[in-house]
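The following note collects points for a colleague reviewing the model shown below. Please read it alongside the coordinates.

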Amino acid sequence: MIYNILKIAYRNILKRKLFSAINVIGLAVAMGVSLLLLLTVFHQFSFDNFHKNGDRIYQVYNVTNHSSGIAKGATQASPLKEALESEMPELEHVMRWSSGPASIKYEGDIIESSIRFTDANFFEMFSFQLLEGTPNQVLANLNTVVLSEKTAAKVFGEENPIGKTITLNIAGKAYRMEVSGLVEDEPNNSSLHYNMITRFENHPDYQDNKDNFDNQFLGMFVQLPPTLSQQEAEEKLKGVVHKYRNDEIEQLQKDGAQPDVEGEVYSLKLLPLNDLHFDTEITGNGISIALPMGLLIIAFFILVIVCINFINLTIGTALTRAREVGVRKVLGATKRQLISQFFGEVSLLIFVALFLGLILAQFGLADYNQLFRQKISLYNPTLIFAIGSILVFVGLIGGSYPALVLSRFQPASVLKGSTSVQKPGKLRNILVLLQFTLSVFLIICTMIVWNQIDYLRSKPLGYSKEDVISIPIGNELDSYQVLQRMRNELAANPNVKSITGSYGNLGMGKDGSRTTSIMGFSQGDRLLRTHWAVVDYDYFETLNIPLVEGRSFSPEFPTDSSESIIINETFARQLGEDSPIGTVLDLGPDRKVIGVVKDYHFLPLDKAMEPLSLVLAKPIDDFRLGYIFVSVSNRTAMSNLEETWKKLYPETIFQATFLDENNQRQYQVEESIAKLFTTSGLLAIILSCMGLFGVVVLVTSQRTKEIGIRKVLGASVPSIVGLISKEFILLVAIAIVIAAPMGWWLMKQWLQSYAYSIDFPWWSIPLAGIMAILIAVVTLGIQSVRAALTNPIDALRDE
C-alpha cells in the first residue's frame with residue numbers, strides 16, 4: 001500500500017512539474033535557512049547548561065540607588081569572599097574571578113595571551129573537563145597554573161606540559177609557574193573563557209586590596225546548597241551588606257539616595273548562571289535575548305510563507321484532482337485512504353525538499369558561522385530536534401489542510417463538474433495577504449537596522465577617528481619605553497603629527513580588548529562615580545579633543561602625574577560647581593582639577609555619556625600603558641609605522657588599526673542582525689513572489705475561457721492584465737497598511753535600547769511599500785501578459 005501511495009505521488013508530482021518545482025525549491029530554501037536559524041537559537045539557549053550544579057550557581061552583583069538613578073554592577077571587592085564564607089557558612093562555594101593580559105616565556109619563545117585569576121575551588125564548582133590534574137588539587141598551590149589545550153599546544157607543541165615551569169609576565173612582573181593541570185578548551189556555549197588559570201592571590205592588585213572593600217575589581221560566584229533558594233540567599237545577603245558596607249549606605253543616604261521597595265539603598269543580588277549569557281545590563285558582556293528570539297521569529301515567518309505557497313498551490317489545483325477524488329470514492333476509497341494518498345504526496349515533496357535543504361545548509365554553513373562568529377555544525381545532537389520541529393510544522397500546516405480539503409469532495413458533485421472549492425479565493429487571498437505582510441515587515445526592519453548602523457559608524461564621536469592609529473603594545477614590553485622609542489623614531493616622519501599613549505583603547509581593536517575602569521569616592525557628603533583613564537602627554541592634542549576650560553597635562557608641571565586630574569563635561573556637571581577648575585577631589589591621594597574636556601564617546605553609542613576622569617601616566621604606577629595612539633596626515637602612514645615597529649620589536653605582532661575601524665568593530669552584532677534581516681527580507685520576497693506566480697498561473701488557467709471571450713468582445717491586453725492583477729495589487733497594498741504599524745512599533749522599541757539613535761525614518765514605510773508593489777507587479781505581469789496575448793480561438797477550442 002505504501003509503495004502504491006508513493007508511486008502515485010511520484011506520478012502526480014511529475015505531472016505538475018511547474019507547481020511541484022515551486023513547492024520543492026521554496027521548501028528546500030526555507031528549510032535550509034530555518035534549520036540554520038533554529039540551530040543558532042538552540043545554541044544560544046544552551047549556554048552554560050553543561051555545568052553539573054549550574055542551577056545552583058549565581059554571580060553576585062550589586063544594586064546602588066544613587067540620588068541620580070539606579071546603577072547595577074557585577075564587580076566586587078576581594079574581601080567580600082571571606083565575609084560571605086563567614087556570615088553564610090552554608091554556601092557550598094564562593095569563588096573570585098578576574099582576568100588580565102599575560103605573556104608566556106618558555107625556552108626563549110614569548111607568546112602573548114591572557115590569564116584568569118580564581119580560587120582553588122574553581123574546578124570543583126564548574127564542570128570544565130580536566131585532562132590532567134584533579135579538581136580539588138590542581139590549584140592547591142599558589143605558584144601553579146592550569147593551561148587550556150590550545151595554549152598548551154602553542155607553548156609546548158606535542159610535549160606533555162605537566163610539571164614544566166614557565167615564566168609569566170603579568171602587569172610587568174615575572175612569575176615562575178609550574179604547569180599543574182591541563183583543561184579542555186571551554187565549550188562554544190560557555191560564558192566563561194580562559195587560556196590560563198591561576199590562583200587569585202597572584203592578581204597584581206590582590207595584596208594592596210585584600211582587605212579593601214572600596215576597590216571593586218573582580219567578579220564573584222557562589223554555589224548555593226540545595227536547601228537554600230535564591231530569594232532566601234538574597235535576604236541573608238542584606239545582613240552582610242549592612243555589616244560590611246554600612247559606611248557606603250550612610251553616604252548614599254546623605255547624598256539623597258531613595259530606597260527601593262525593600263527599603264535598601266545598596267544591596268547584593270544573585271544572577272543565575274543560566275541567565276549570564278543574556279545579561280546586557282549587569283555585566284555588559286552578554287547578548288540581548290532579543291537576538292535568538294528574533295531568529296526564531298524569522299524562521300517561523302519563512303516557514304509560514306512557504307507553507308502558504310504550498311497550501312495555495314495545492315488548493316488551487318483542486319479542480320484538476322476533483323474527478324480523481326470522485327472516481328476513487330465511487331470505487332470504494334475511504335476518507336482515511338484519500339488522506340493517506342494526498343499526505344503521501346505531501347510527505348514525498350517535504351522529504352525531497354528536506355534533503356535539498358540539508359545540502360543548501362551545509363554549503364552555506366561556513367558563511368553563516370562567520371556572520372554570527374559561532375561554531376555550530378550540522379553534526380549536532382540538536383539537528384534531529386530542529387529537523388523534527390520543521391517537519392512537524394510544515395507537515396501539519398502545509399500538508400494536513402490540503403489533504404483534508406481534497407478528501408472532503410463529494411463524488412456525486414465532482415462527477416457532475418461541481419466542487420465546493422471552485423472559488424477558493426477567500427482563503428487564497430488571506431494567505432497571500434499574510435505572505436506580503438510578513439515580507440513588507442521584514443523590509444521595513446531591514447532599512448531601519450541599516451540606517452541605525454550607518455548612524456553608529458558615522459556619528460561624530462568627539463575625537464579624530466579617521467586619521468589616528470591605535471597600536472596595542474602587548475604585555476611583554478615596557479610600555480613607557482616603547483612609547484618613548486616610537487616617539488624618537490617617528491619624530492622626523494612627515495606623515496606623523498603627534499604620538500601619545502593610554503591604558504585603554506578607544507573602540508575595539510584587533511586584540512579584541514575593550515576595557516574601562518570605574519572608581520567610586522566620597523566628595524564631601526556625596527558619593528560620586530567616574531570612569532578612570534590613564535593617559536600620556538599630548539593625549540587630547542593627538543585625538544583632537546578640545547579643552548572647554550583649563551589646561552592639558554604638560555611636562556612644565558612636574559606634579560601633574562601625582563596631583564592633577566582632567567575631567568569631562570558630564571563629570572563637571574555632576575560636581576555642580578560653576579567652575580570646577582581648582583576643585584580638589586578626595587581620591588586618596590587628593591587630585592586637583594586642572595582642565596575640563598569636551599564630552600567624547602569613550603563608550604559604545606548604546607550607552608549614555610558618563611563621567612570620565614583622566615590622570616597622567618607614570619612608570620611607577622600599577623597602570624601600564626596598553627596602547628599607542630599616532631595621529632597621521634594620511635592613511636598610507638600605516639606602512640611606515642609597521643616598518644618602524646618591526647625594526648624595533650620584530651618578535652611582537654603589529655596589530656595596529658585606525659580608530660574608525662575600532663568603532664565599526666564595536667557593532668558587529670548589529671551588523672550581523674542587519675545582514676540577517678536583509679537576507680530574510682530578500683528570501684521572504686522571493687518565496688512570496690514564487691507563490692504569487694504559481695497562484696496567477698492557476699488563476700489564468702482556470703479563467704482561460706473568460707479571457708478568450710473578453711478578447712473576442714474587444715478587450716485590450718492592458719485591460720486583461722489589469723483584470724488579473726488588480727486583486728493581488730490590492731492585497732499587497734493592504735499588506736503594507738498592516739505591516740507599517742508593526743514595523744514602526746518594533747523598530748521604535750529596538751532604537752530605544754540605544755542611548756544615541758536615529759529618528760524613525762518615515763520614508764522607510766512608503767519605500768518598502770513601493771518596493772513590494774513593484775516586485776508584485778513584475779511577478780504578476782509576466783504571467784498576466786502571457787495569458788492576455790493567448791489566441792482566443794485556441795482558448796475557446798481548449799474549453
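What share of the contacts in the protein with a separation of 6 or more is accounted for by residues 24 or more positions apart?

1. Contacts along the chain. Residues 24 or more positions apart account for 80% of the contacts with a separation of 6 or more, a contact being heavy atoms within 4.5 Å.

2. Basis of the note. The model is predicted, so local features need pLDDT of at least 70 and side-chain atom pairs count only at pLDDT 80 or more, while totals for chains, interfaces and linings use all residues. Residues are numbered from 1 along each chain as its sequence is written, and side-chain values use heavy atoms, with hydrogens and water left out.

3. Overall composition. The protein has 25 helices and 23 strands; these are DSSP runs numbered from the N terminus, helices being H or I of at least four residues and strands E of at least two. Of its 799 residues, 53% are buried. Here buried means under 20% relative accessible area, exposed over 50%, and partly exposed in between, with a 1.4 Å probe and protein chains only. The accessible surface comes to about 36300 Å², and 56% of that area belongs to carbon and sulfur atoms. Areas come from the Shrake-Rupley method with a 1.4 Å probe, and for residues only the protein chains shown count as cover.

4. Salt bridges. A search of the whole structure finds 24 salt bridges, each defined as a side-chain nitrogen of Lys or Arg within 4 Å of a carboxyl oxygen of Asp or Glu. One of them joins K164 and E159, at 3.3 Å from N to O. K164 is partly exposed at 24% relative accessibility, and E159 is partly exposed at 37%. Another pairs K607 with D606 at 3.9 Å, N to O; K607 is partly exposed at 34%, as is D606 at 31%.

5. A linked network. E235, K238, E262 and K269 are connected in a network of salt bridges. Within it, the closest N and O atoms of K269 and E262 lie 3.4 Å apart.

6. A helix pair. The axes of α15 (residues 479–490) and α19 (residues 637–648) come within 11 Å and cross at roughly 125 degrees. Helix α15 is therefore oblique to α19; angles under 35 degrees count as roughly parallel, over 145 as roughly antiparallel, 65 to 115 as roughly perpendicular and the rest as oblique. Axes are lines fitted to C-alpha atoms over the stretch in contact, with angles running from 0 to 180 degrees between N-to-C directions. V482, R485, M486, E489 and L490 of α15 make the contact with L641, T644, W645, K647 and L648 of α19. The crossing is right-handed, meaning that the near helix is turned clockwise from the far one by less than a right angle.

7. Which residues are concerned? D538, a residue other than glycine, has a positive phi near 70 degrees. D538 lies in the loop between β16 (526–535) and α16 (539–543) and is partly exposed at 34% relative accessibility. N544, also other than glycine, has a positive phi near 60 degrees. N544 is placed in the loop between α16 and β17 (547–550) and is exposed, with a relative accessible area of 52%.
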